[in-house]
Amino acid sequence: MEEKTKRAIRAGIILAFVIVVIGLLIYSRIVAFSMAPQSKPVDLRPLPYWLIPIVYLIDYFSHGTICLLFAFTVAGLIYEFVPKEAITRYMGSSRAVGYALALGMAPFLTVCSCTMVPLFGGVLYAGAGIGPAITFLLMAPASNILTILLTGEMISWEVAGVRIIASAITALAAGIIISRTPWGKAIEKEHQIANTASASARVEIVRPPLDERLWAALKFAGYLAKQILPFFILGLIAVSYVEAFLPEDIVGTYLTGITGILIASAIGGPLYTPTLVEVVLGKAMWDLGMSKGALLSWLMGQPYDMANALAVSRIAKWKVVLNYMLIAWAGSVTFGLLYGILSNSL
Amino acid sequence: MREVKVEVIGPEPPCMRCQAARRAVEKAAEKLKQAGITVNIEKTNIMSKENVQKYGVLVSPAIAINNTVKIMGRVPNPDEVEKLIMEASK
């Protein structure tokens, strides 16, 4: 009995913390407190070089801390409570289910690099085949829960929503197209194995009590923060100089219209670091006059970054990797154009 | 002397969280040695055909005790692993 009350109290404390974090976010919404840094180029330009990043960082963290705290906490909770055994059970059952799971689950499972490449390999080997595996791989970085939350809070929820839909369609297209190509089929055949779990091997997941799961979720949130924040801060320092010194007329000339979309989608990939910096950098360039279409292309350009491509090429052949990068790039250009036209901001 | 086989399943090269999972298993194993249980720890590759064939798709880090996956996608604490191994050794 005493053990039980102790656990209940611990679970209660952690839940209270989570509720406070969510409450803070809602409160900041109600009082219309901006989550994005307020520094304008005019404020930053006259400062000495060494002071620019400091002022910008203080500005960023005085506004963005709630948002980061919320994003990490929610990502940790979702990762902990998403039913992983269900995914692994159904992933191999049929193609349609495979695609649906790849699209639906990728955003929640891939906040950690630990999961992405193994799941790609597992899906490819165990059943659903190369189509859903590619869909999963493309969907994962394009709209994982951390980037979506940050995009929504810092740029706008409209852009975040469009980003999810556009990357889902692109990922689905990439999966279906690649699974039809001869080289895609060849890889599938090479790796396909019958998923016949032997009688002695079983999966029986043990569920720890609620307080331990909640604590594990927070610990995972802390782990994510520790992984991402150092790079994020370095990225913010770079962003502060961009904000201060990138002239508006250059952004206005090169990052609007059709050229803007092409350039944004081309630099989005190689420049990508999986550290949420792209969101802040996108926001900075948007402030300087980048069009909405180019912004979307920029944000969607990441899945074909180098690190990702290298990891995949170890399993799949380079032809598949090339296909995958081309489709991702085509998707980012197409949706950039479409969104630019529809939202009247090309 | 009772023996228990524990597989720590993760990607190759091992990621941070899989290393943490392995450390938890090692700690538990040390304690169990005194109780007369030998724990054979194996690090296996989550992407190997053998593993996928045996257990299906997994989320790393995963821990299998005597060929049964008990933990998937999280880092357990040593006490919990100890309890699970104790149960399996009975």
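Modeller: Two residues are in contact if their C-beta atoms, placed from the backbone, lie within 7 Å. The model is predicted, and local features need pLDDT of at least 70, side-chain atom pairs count only at pLDDT 80 or more, and totals for chains, interfaces and linings use all residues. Residues are numbered from 1 along each chain as its sequence is written, with chains lettered from A and ligands numbered from 1 in the order in which they are written.

A:Met139 belongs to the largest nonpolar core, which has 125 residues (buried Ala, Val, Leu, Ile, Met, Phe, Trp, Tyr and Cys residues joined through C-beta atoms within 7 Å). Together with A:Phe136 and A:Tyr324, A:Met139 touches the most other members of that core. Helix α17 of chain A, residues 318-342, supplies the largest share of the core, 11 residues.

The setting is chain A as a whole. Its 346 residues are 47% buried (20 or more other C-beta atoms within 10 Å of a residue's own; exposed means 12 or fewer, and partly exposed lies in between). Chain A contains 17 helices and one strand (DSSP runs of H or I, at least four residues, and of E, at least two, numbered from the N terminus). Of the contacts in chain A between residues at least 6 apart in sequence, 86% link residues at least 24 apart.
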